[in-house]
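User: I would like to learn how to read individual features in a structure model. Could you take me through some cases?

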Amino acid sequence: MTSVAATPRPGTARSLIAESRDVERAVQLILLGARLQVLESETNLSYERLLKLYKEVTGRSPSKGQLPFSTDYFLQWQPNIHASLFENIRQSLLKAVALDDIEAVMKAYRLYDEQMRACGLQPLLSFTRAWRLSRFMDAGMLVRARCTQCGGHFVADPYVNHRHYVCGLCKPPARAGKGRAQGALRADD
Ligand SMILES: [Zn+2]
């Protein structure tokens, strides 16, 4: 077996290395706040193993149920601004550094989180949401559009009219109100 993706036979040195890498990755993901579904998708560890790890790292049981997020979430005004910031970081990382898909998501999320905190803002996007977003982007279910007014790139619907696209910062929705425009990034909903 030469394929990197192939699961090594249990009991071999290679399987031990692959497994410890998976454990390390799972712990990193848990610390970032990933839900169990993310861990299942991004490692080859069994559900039981992941559950045990999750409890060990966080001291509590993972929340149950399906991931509730649809693409709509990322198109709402405030989440869209956060999603776009995260996605722009991820895209520039993917261009600049050789990273696994999941490594890029993790690194981009840490940078997004740092940037938010440096500005004194709450990171509205959770890690699981950021992961979900990257999946939607990679599948073409969401795209990036360039704002015709500020030139920034924003997460948009695949059917967006690129020639007339204006982002949520240049044209906040009416409900945001004039006073709110200044604190546009405050996660107060
Ligand atoms: Zn704009």
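User: Where does glutamine 66 lie, and is glutamine 66 buried or exposed?

Analyst: This is a predicted model. Glutamine 66 sits in the loop between H3 and H4. Residues over 50% relative accessible area are called exposed. Glutamine 66 has 68% relative accessibility, so it counts as exposed.

User: Which residues does glutamine 66 touch, not counting residues up to four places away in sequence?

Analyst: Those residues are Arg35 and Gln37. Arginine 35 is 31 residues from glutamine 66 along the chain, and their C-alpha atoms are separated by 9.9 Å.

User: Threonine 71 lies in the loop between H3 and H4. Is threonine 71 buried or exposed?

Analyst: The cut-off for buried is under 20% relative accessible area. Threonine 71 has 19% relative accessibility, so it counts as buried. Leaving aside neighbours within four places in sequence, threonine 71 is in contact with Phe136, Met141 and Leu142.

User: What is the relative accessibility of glutamate 87, and which side chain does the side chain of glutamate 87 meet in a polar contact?

Analyst: Glutamate 87, placed in helix H4, has 0% relative accessibility and therefore counts as buried. Its side chain makes a polar contact with the side chain of arginine 90, at 3.0 Å.

User: Which residues are in contact with glutamate 87, leaving aside its neighbours within four places in sequence?

Analyst: They are Leu133, Ser134, Met137, Arg144 and Val155.

User: How should I read a nonpolar core, and how many residues has the largest one?

Analyst: In soluble globular proteins, nonpolar side chains tend to be buried together. Here the largest nonpolar core has 39 residues, and those with the most contacts inside it are Leu39, Phe74, Phe86, Tyr112, Phe127 and Leu133. At least two residues of this core come from each of helix H1 (13-32), helix H2 (36-42), helix H3 (47-58), helix H4 (77-96), helix H5 (101-118) and helix H6 (127-138). H5 gives the most, with 7 residues. Domain 1 (13-58) and domain 2 (71-181) both contribute residues, so this core lies between them.

User: Which residues is tyrosine 112 in contact with, leaving aside its neighbours within four places in sequence?

Analyst: Tyrosine 112 is in contact with His82, Leu85, Phe86, Ile89, Pro123, Leu124 and Leu125. Apart from the core described above lies another core, of 7 residues, including Ala145, Cys147, Ala156 and Val160.

User: What are the protein donors of the zinc ion, and why is their arrangement tetrahedral?

Analyst: Ideal angles for four tetrahedral donors at a metal are 109.5 degrees. The donors in this model are the SG atoms of Cys147, Cys150, Cys167 and Cys170, lying 2.3 Å from the zinc ion. The 4 donor atoms subtend angles of 105 to 114° around the zinc ion, which makes the arrangement tetrahedral. Along the chain, the donors follow the spacing C-x2-C-x16-C-x2-C.

How values were computed
Residues are numbered from 1 along each chain as its sequence is written. This is a predicted model: local features need pLDDT of at least 70, side-chain atom pairs count only at pLDDT 80 or more; totals for chains, interfaces and linings use all residues. Side-chain values use heavy atoms; hydrogens and water are left out. Donors are N, O and S atoms within 2.8 Å of the metal (3.2 Å for Na, K and Ca); water is not among the atoms, so sites may look incomplete. Four donors count as tetrahedral if all angles lie between 85 and 135 degrees; four count as square planar and six as octahedral if opposite donors are over 155 degrees apart and all others between 65 and 115; anything else is irregular. A nonpolar core is a set of buried Ala, Val, Leu, Ile, Met, Phe, Trp, Tyr and Cys residues joined through side-chain atoms within 4.5 Å. Buried means under 20% relative accessible area, exposed over 50%, partly exposed in between (1.4 Å probe, protein chains only). Helices (H or I, at least four residues) and strands (E, at least two) are DSSP runs, numbered from the N terminus. Domain bounds come from an automatic or database domain assignment. Contact means heavy atoms within 4.5 Å. A polar contact is a pair of N or O atoms within 3.5 Å; within protein, one must be able to donate a hydrogen and the other to accept it, and residues adjacent in sequence count only if both atoms are side-chain atoms.
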